[in-house]
Amino acid sequence: MTSNDSMGASQTRKRIGLIGARGYTGAELIRLLAAHPRLELAFVSSRELDGQRVADHVPQFSGALRYENLDAAAAAARGADAVVLALPNGKAAPYVAAIDAQVPRTVIVDLSADHRFDDAWYYGLPELTRARYAGQRRISNPGCYATAMQLALAPLREYLAGMPVCFGVSGYSGTGTTPSDKNDTDKLRDNLMPYQLTGHVHERETSHQLGLAVAFMPHVAAYFRGITLTAHVPLARALADVETLRALYRARYAHEPLLRVLDEAPWVSRIAGQHHVEIGGFALGADGRRAVLVATLDNLLKGAATQALQNLNLALGFAEFEGIPVAVAAALDVRCET
């Protein structure tokens, strides 16, 4: 896209369709789109909420728009500039096929795992893949844990001596709205619930995207939102001290508005409702060849909706962080706070 094209795009409002809006992530994306100066919701599809006003469920949204129950062909026929698929894994294919057949120039951002292993789709973790974006209209949005793991491990990629091991804990919003043990607040009370301790889709996703084997052990806790991830990383050569380790992260993420590098370990309670990632708590084993660090993010925002908005902005020709309520200068100022 030329600079003139970009300027033209920045003056034009683009129409966004959202499929699968009943869940937590769908509601967060509606809030973000409602405040975006260049994007507007064209339609919102939800079988369970069909006919109800969007504003009655998302107070930040104003207007008469109502949820609809749209099948794939009907959604494609709306001719939106971009469609976000916020569907369970395994449900994206009919919508992608209909858009491919009817309006192939429509941008699709898929929030499910259905295309994260498909190299024909752009994998949209901008802090790591932005340089690979070349106008692709099929974008796979990363998983929440996979975002945290990749950002936590990427600066040490060339130092690895073996398999990194990541211990993660998520709030129960990460398990979705379909009732299960993992979002049953009675069962979670005073509890930490492990699940799928090998072969989790985010373990496979992170391993695929980084090109290395990663071990991941997920857990769910009684709080609602946010992820805390502790990464244990064996190193091929010793690092001199913790400041040397921390400096690798400061250098890698120095100009990323949605990433803050801290001295102390970040707290999951401080990341809820925030659009950035925090990485800190750096430690080294006595021999300098075992690094440990902690990453936190809001699973519904940077782990899903905020990242989807970054990808929409890039695909539609807007500034990547437009419409994301983060104080860029403040984020940069505190990335090395003590």
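This is a predicted model: local features need pLDDT of at least 70, side-chain atom pairs count only at pLDDT 80 or more; totals for chains, interfaces and linings use all residues.

User: Good to know. Which residue forms a salt bridge with D186?
Analyst: That would be R189. The closest N and O atoms of the pair are 3.1 Å apart.

User: And how many salt bridges does the structure hold?
Analyst: There are 19 salt bridges in the structure. One of them is between the side chains of E127 and K302, with N to O at 2.9 Å.

User: Where do E127 and K302 lie?
Analyst: E127 belongs to helix α6 (residues 126–129), while K302 is part of helix α11 (residues 301–316).

User: Nice. Are those two side chains' residues buried or exposed?
Analyst: E127 is buried, and K302 is buried too.

User: What about D263, which side chain does it meet in a salt bridge?
Analyst: D263 meets R250, at 3.4 Å from N to O. D263 sits in the loop between β12 (259–261) and β13 (277–284), and R250 is in helix α10 (residues 242–252), so this bridge ties a loop to a helix across 13 residues of sequence.

User: How do D263 and R250 count for accessibility, buried or exposed or in between?
Analyst: D263 has 19% relative accessibility, so it counts as buried. R250 is partly exposed, because its relative accessible area is 22%. The line between those two classes is drawn at 20%.

User: Let's switch to helices. How do α7 and α9 sit relative to each other?
Analyst: Helix α7 covers residues 144–153 and helix α9 covers residues 201–210. Their axes come within 9 Å and cross at roughly 40 degrees, and the pair is therefore described as oblique. The crossing is right-handed.

User: Which residues make that contact?
Analyst: On the α7 side they are C144, Y145, A146, M149, Q150 and L153. On the α9 side they are H202, E203, E205, T206, Q209 and L210. By type, the residues of this contact divide into six nonpolar, four polar and two charged.

User: Last topic: backbone angles. What is phi of D190?
Analyst: Phi of D190 is near 55 degrees, a positive value in a residue that is not glycine. Most residues other than glycine have a negative phi.

User: Where is D190 found?
Analyst: D190 is in the loop between α8 (185–188) and β9 (192–194). D190 counts as exposed, because its relative accessibility is 79%.

User: And what is phi of Q196?
Analyst: Phi of Q196 is near 40 degrees, which is again positive in a non-glycine residue. Q196 is found in the loop between β9 and α9, and at 44% relative accessibility Q196 counts as partly exposed.

How values were computed: Residues are numbered from 1 along each chain as its sequence is written. Side-chain values use heavy atoms; hydrogens and water are left out. Axes are lines fitted to C-alpha atoms, for helices over the stretch in contact, and angles run from 0 to 180 degrees between N-to-C directions. Helices (H or I, at least four residues) and strands (E, at least two) are DSSP runs, numbered from the N terminus. Angles under 35 degrees count as roughly parallel, over 145 as roughly antiparallel, 65 to 115 as roughly perpendicular and the rest as oblique. A crossing is left-handed if the near helix is turned anticlockwise from the far one by less than a right angle, and right-handed if clockwise. Contact means heavy atoms within 4.5 Å. Ala, Val, Leu, Ile, Met, Phe, Trp, Tyr, Cys and Pro count as nonpolar, Asp, Glu, Lys and Arg as charged, and the others, Gly among them, as polar. A salt bridge is a side-chain nitrogen of Lys or Arg within 4 Å of a carboxyl oxygen of Asp or Glu. Buried means under 20% relative accessible area, exposed over 50%, partly exposed in between (1.4 Å probe, protein chains only).
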